[in-house]
Amino acid sequence: MPTASTRVPQQERSRATQARLLEATVECLVEHGWSGTTTTVVAARAGVSRGAQLHHYPTKAALVTAAVTHLTERRAVELRTEAAALPAGPRRLDGVVDLLAAAFTGPLFVAALELWVAARTDAELRDALVPLEARVGREMHRLTVELLGVDERRPGVREAVQATLDLLRGLGVANLLSDDTTRRTALLHTWKRQLAALLNPDAATPGSARPH
């Protein structure tokens, strides 16, 4: 019978195995897309036996949704850490929007797009993904409110935050097939000024979003 001392290393190994599987899943989705991301390919990339992979995630849908959940939570922690280093004052809004824009062009966003498209015709994946996406959307909205340091009870703030996220998501999609940096930078420059006015209508905002 396992003792307490042997159970801890086993739990650590189990967590390490899961982490490797989840990281490998996102990498495969980015490199090979949904159709090329098989559980066999993921297990091989993670250096994990097929049996161990099935033990932790018995279906492909379970594996990919767990991977997106894991990476989303980790990215939220990273965003908070990066935002903590931003200066206070009007320039903070610029930095927060830039951090969020980067999140919507990174590997996690690409992996999520693969799942969204696949879920349109895959009932099992759609059933797993719809509640996950609803939760991720709520958490991203709350995170954005937190990073911007705004009061969502004020009229128009909730809509301004959601419009920002919708804009960034759309720009991320536009960047998928070709480098859209120039157009995205110009649009974000304009939106930063508009967002500052929406979030702080009583504050003087000229020059708060000058180009870097």
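Which pattern does the protein chain follow when read along the sequence? The protein chain follows the pattern α-α-α-α-α-α-α-α-α, and its secondary structure comes to 9 helices and 0 strands, where helices (H or I, at least four residues) and strands (E, at least two) are DSSP runs numbered from the N terminus. The structure is a predicted model, in which local features need pLDDT of at least 70 and side-chain atom pairs count only at pLDDT 80 or more, whereas totals for chains, interfaces and linings use all residues. Residues are numbered from 1 along each chain as its sequence is written, and side-chain values use heavy atoms, with hydrogens and water left out.

The C-alpha trace of the protein chain spans about 70 × 40 × 30 Å along its principal axes. Of the 212 residues of the chain, 38% count as buried, a term that means under 20% relative accessible area, with exposed meaning over 50% and partly exposed lying in between (1.4 Å probe, protein chains only). With contact taken as heavy atoms within 4.5 Å, 63% of the contacts between residues at least 6 apart in sequence join residues at least 24 apart.

In soluble globular proteins, nonpolar side chains tend to be buried together. A nonpolar core is here a set of buried Ala, Val, Leu, Ile, Met, Phe, Trp, Tyr and Cys residues joined through side-chain atoms within 4.5 Å. The largest such core has 30 residues, and those with the most contacts inside it are Leu79, Leu93, Leu148, Val150, Val161, Leu195 and Leu199. The elements that give two or more residues to this core are helix H4 (60-84), helix H5 (91-103), helix H6 (107-119), helix H7 (123-148), helix H8 (157-174) and helix H9 (181-199), and H5 gives the most, with 7 residues. Apart from this core lies another, of 26 residues, among them Leu22, Val48, Leu108 and Ala119.

Leu93, leaving aside its neighbours within four places in sequence, is in contact with Leu148, Lys192, Leu195, Ala196 and Leu199. The expected span of a helix is 1.5 Å times one less than its number of residues, so that the 13 residues of H5 should span 18 Å, and the end C-alpha atoms of H5 are 19 Å apart, which agrees.

The largest pocket holds about 680 Å³ of space. On a 1 Å grid over the protein atoms alone, a pocket is an open set of points where a 1.4 Å probe fits, with protein on both sides within 12 Å along at least five of seven lines, and lining residues have an atom within 4 Å of a point. Grid points are joined across faces, edges and corners, and the volume is the space filled by probe spheres set on the points. Of the 32 residues that line the largest pocket, the closest to its centre are Thr72, Arg75, Ala103, Leu108 and Met140. Helix H1 (4-36), H4, H5, H6, H7 and H8 are the elements that give two or more residues to the lining of this pocket, and the largest share, 10 residues, comes from H4.

Thr69, found in helix H4, is buried, with a relative accessible area of 18%, and a polar atom of the Thr69 side chain lies 2.8 Å from the backbone oxygen of Thr65. Neighbours within four places in sequence left aside, Thr69 is in contact with Leu132 and Arg135. Thr17, whose place is in helix H1, is likewise buried, with a relative accessible area of 14%, and beyond its neighbours within four places in sequence Thr17 is in contact with Val48 and His56.

In the loop between H8 and H9 lies Asp180, which is buried at a relative accessible area of 12% and touches Ala174 and Asn175, not counting residues up to four places away in sequence. Thr121, by contrast, has its place in the loop between H6 and H7 and is exposed, with a relative accessible area of 64%. The C-alpha atoms of Thr121 and His32, 89 residues apart along the chain, are separated by 18 Å. Ala197, found in helix H9, counts as partly exposed at 36% relative accessibility; Ala197 and Ala160 are 37 residues apart in sequence and 10.0 Å apart in space, C-alpha to C-alpha.

Terms used:
A polar contact is a pair of N or O atoms within 3.5 Å; within protein, one must be able to donate a hydrogen and the other to accept it, and residues adjacent in sequence count only if both atoms are side-chain atoms.
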